[in-house]
Amino acid sequence: GTGAIVCCLASYFIDPGMPSPDPKDLGPDDDVSDGQHFREQCLPDGRNWKQHWCYKCRVWQPYRCTHCPECQRCTLRYDHHCTAMGNCVGERNMRFFSVGLLCFGIEVSCLAALAFQYLS
């Protein structure tokens with residue numbers, strides 16, 4: 001119980017990570033939000049990917065960064081928005097979220113084993 005609660009609180013209070021804008025790398029000139037602005041970038045392993053411009057955060061989104069519609073901000077290595085926590089799960093709080101799920105799963109398994117043993 002305690003491990004899952006501590007990890008859940010840690011993943012709630014730790015910021016999931018936001019990209020920092022680069023003042024030298026300005027975005028597109030026009031602010032038309034319905035037009036898709038992107039540019040080709042190359043990853044260190046040689047693969048190409050399309051880097052998108054976020055109009056709301058005014059930043060070029062790094063690889064695996066996504067704008068969360070619930071939080072109204074970009075999150076680094078965005079996994080999902082957890083409505084139970086009311087926070088995004090991203091680069092900085094993913095490990096706490098994963099360990100919390102693992103602790104919760106172990107606790108449920110132990111409770112199920114105890115209940116099965118008690119009932120039989």
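Colleague: What radius of gyration does the protein chain have, and what would a compact globule of 120 residues have?
Modeller: This is a predicted model, to start with. The protein chain has 20 Å. A compact globule of 120 residues would be near 14 Å.

Colleague: And what box do the C-alpha atoms fill?
Modeller: Roughly 70 × 30 × 25 Å, taken along the principal axes.

Colleague: How much of the protein chain counts as buried?
Modeller: 29% of the 120 residues.

Colleague: What about the accessible surface of the protein chain?
Modeller: It comes to about 8,300 Å². Carbon and sulfur atoms hold 61% of that.

Colleague: Charges next. How many positive and negative side chains are there?
Modeller: 11 positive and 13 negative. The centres of the two sets lie 4 Å apart.

Colleague: Switching to secondary structure. How many helices and strands are in the protein chain?
Modeller: 2 helices and 7 strands.

Colleague: In what order do the elements run?
Modeller: From the N terminus, α-β-β-β-β-β-β-β-α.

Colleague: Which strands form an open sheet, and in what order?
Modeller: Three strands, in the order 1-2-3, with antiparallel pairing. Strand 1 and strand 3 are the edge strands, each pairing on one side only.

Colleague: How many bridges join strand 1 to strand 2?
Modeller: 5. Strand 1 covers residues 38-42 and strand 2 covers residues 48-54. Within that pair, Cys-42 sits opposite Asn-48 of strand 2.

Colleague: What's in the hairpin between strand 1 and strand 2?
Modeller: 5 residues lie between the strands. Gly-46 takes a positive phi there, near 100°.

Colleague: And how many bridges join strand 2 to strand 3?
Modeller: 2 bridges, antiparallel again, with strand 3 at residues 59-60. Trp-53 faces Trp-60 of strand 3 across the pairing.

Colleague: Which residue in that turn has a positive phi?
Modeller: Arg-58, at about 55°. That hairpin of strand 2 and strand 3 has 4 residues between the strands.

Colleague: Where do side chains point in a regular strand?
Modeller: They alternate between the two faces of the sheet.

Colleague: Last one, contacts. What share comes from residues 24 or more positions apart?
Modeller: 38% of the contacts in the protein chain with a separation of 6 or more.

Key. Residues are numbered from 1 along each chain as its sequence is written. This is a predicted model: local features need pLDDT of at least 70, side-chain atom pairs count only at pLDDT 80 or more; totals for chains, interfaces and linings use all residues. Side-chain values use heavy atoms; hydrogens and water are left out. The radius of gyration is taken over C-alpha atoms; the globule rule is 2.2 Å times the number of residues to the power 0.38. Buried means under 20% relative accessible area, exposed over 50%, partly exposed in between (1.4 Å probe, protein chains only). Contact means heavy atoms within 4.5 Å. Accessible areas come from the Shrake-Rupley method with a 1.4 Å probe; for residues, only the protein chains shown count as cover. Lys and Arg count as positive and Asp and Glu as negative; His and the chain ends are not counted. The place of a charge is taken as NZ of Lys, CZ of Arg, CG of Asp or CD of Glu. Two strands pair if DSSP finds at least two bridges between them.
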